[in-house]
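Biologist: Please show me the model. I would like to ask what stands behind each label.

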Amino acid sequence: MTAPSLPALPAPPATLVADAAVLSRYGEVLVQAMAPRAAGVGAYEDDPRSGLVEALSRLALALQAGNPARLRRQTSWWGRLLGRDVERQVDADALQAQCAVLLLDAQAHARRLGAVVEAGTHAAAADLHDAQALERWAEAGTALAAGLPIDAQGTLQQRVVHLRTLASLKRVQAGQTQLLQAQVAALLDHFQRIAEVLVPAWQQAIRASGTRTHARQNEQAAQLLGQIRAEVAAAQARLP
């Protein structure tokens, strides 16, 4: 992924006059230049991470339809008493014929998450870009204040403090975005391993189960299914 191209922001002035009206708006032109980008950051009504994990959970359940004993072992004794193992088997049977569709659904959620990653990369870069510009203006304001009368210095210092606060908030926001990026990237890694490695290997083992190596292939399919479930569990653990 290439680094996002960010527009140049206004540079701080080289000189200032001791005008309270001017000094009270110091840095305002910079903040206004950042506002369109801040307003343009999109938000999702639902969490695409949950959609991907749910799709993977349904896929894992569908793959287990041919192994009722495994489904039964995954249900607690109380759940078996209440017939929940039977309910899970019915759900798995209903989903089994939709394995290909479920995988496509998971892929659609993964693509959506990929778009979130790309948007987040741009947002974090923009926040850091803004923070650096705010800090430059604050440093310039501090230097320019030395040549102003005392009362004018106080007015300018208030704006400098405000700009430094905004810069700190921008850096915090960028850090939070980067943390989310790391979580989403790990979730996509789980999906990729399931979709590109484990599911194809499981399908191959199932197709080969009718040969003379029936028992060995069944064991391999069961092991792969266990790995798929482990990847889904790891993905679920990454949800907030």
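**Labels and their grounds**

Modeller: In the protein chain, 80% of the contacts between residues at least 6 apart in sequence join residues at least 24 apart. Keep in mind that the model is predicted.

Biologist: Which elements does the protein chain hold, and how many?

Modeller: There are nine helices and zero strands. From the N terminus on, the order reads α-α-α-α-α-α-α-α-α.

Biologist: Why is Lys170 called buried?

Modeller: Buried means under 20% relative accessible area. Lys170 has 15% relative accessibility, so Lys170 counts as buried. Lys170 lies in helix 8.

Biologist: What is Lys170 in contact with, leaving aside its neighbours within four places in sequence?

Modeller: Met34, Asp127, Asp130, Ala131 and Leu134. Across the protein chain, 37% of the 240 residues count as buried.

Biologist: What makes the pair of Tyr26 and Trp137 an aromatic pair, and why is it called tilted?

Modeller: Ring centres must lie within 6.5 Å. The centres of Tyr26 and Trp137 are 5.1 Å apart. That makes them a pair. Planes under 30 degrees apart count as stacked, over 60 as edge-to-face, and the rest as tilted. The planes of Tyr26 and Trp137 stand at 55 degrees, so the label is tilted. The structure holds one aromatic pair.

Biologist: Why does this pair tie together parts that are apart in sequence?

Modeller: Tyr26 lies in the loop between helix 1 (20-23) and helix 2 (28-40), while Trp137 lies in helix 7, so the pair ties together parts 111 residues apart in sequence. Both residues are buried.

Biologist: Which residues touch the most other members of the largest nonpolar core?

Modeller: Leu52, Leu63 and Ile228, out of 30 residues in that core. Two or more residues each come from helix 3 (48-63), helix 7 (99-145), helix 8 (150-207) and helix 9 (214-237). Helix 8 gives the largest share, 10 residues.

Biologist: What does Leu63 contact, leaving aside its neighbours within four places in sequence?

Modeller: Cys99, Val199, Trp202, Leu225 and Ile228.

How values were computed:
Residues are numbered from 1 along each chain as its sequence is written. This is a predicted model: local features need pLDDT of at least 70, side-chain atom pairs count only at pLDDT 80 or more; totals for chains, interfaces and linings use all residues. Side-chain values use heavy atoms; hydrogens and water are left out. A nonpolar core is a set of buried Ala, Val, Leu, Ile, Met, Phe, Trp, Tyr and Cys residues joined through side-chain atoms within 4.5 Å. Buried means under 20% relative accessible area, exposed over 50%, partly exposed in between (1.4 Å probe, protein chains only). Helices (H or I, at least four residues) and strands (E, at least two) are DSSP runs, numbered from the N terminus. Contact means heavy atoms within 4.5 Å. Rings of Phe, Tyr and Trp (its six-membered ring) pair if their centres lie within 6.5 Å; planes under 30 degrees apart count as stacked, over 60 as edge-to-face and the rest as tilted.
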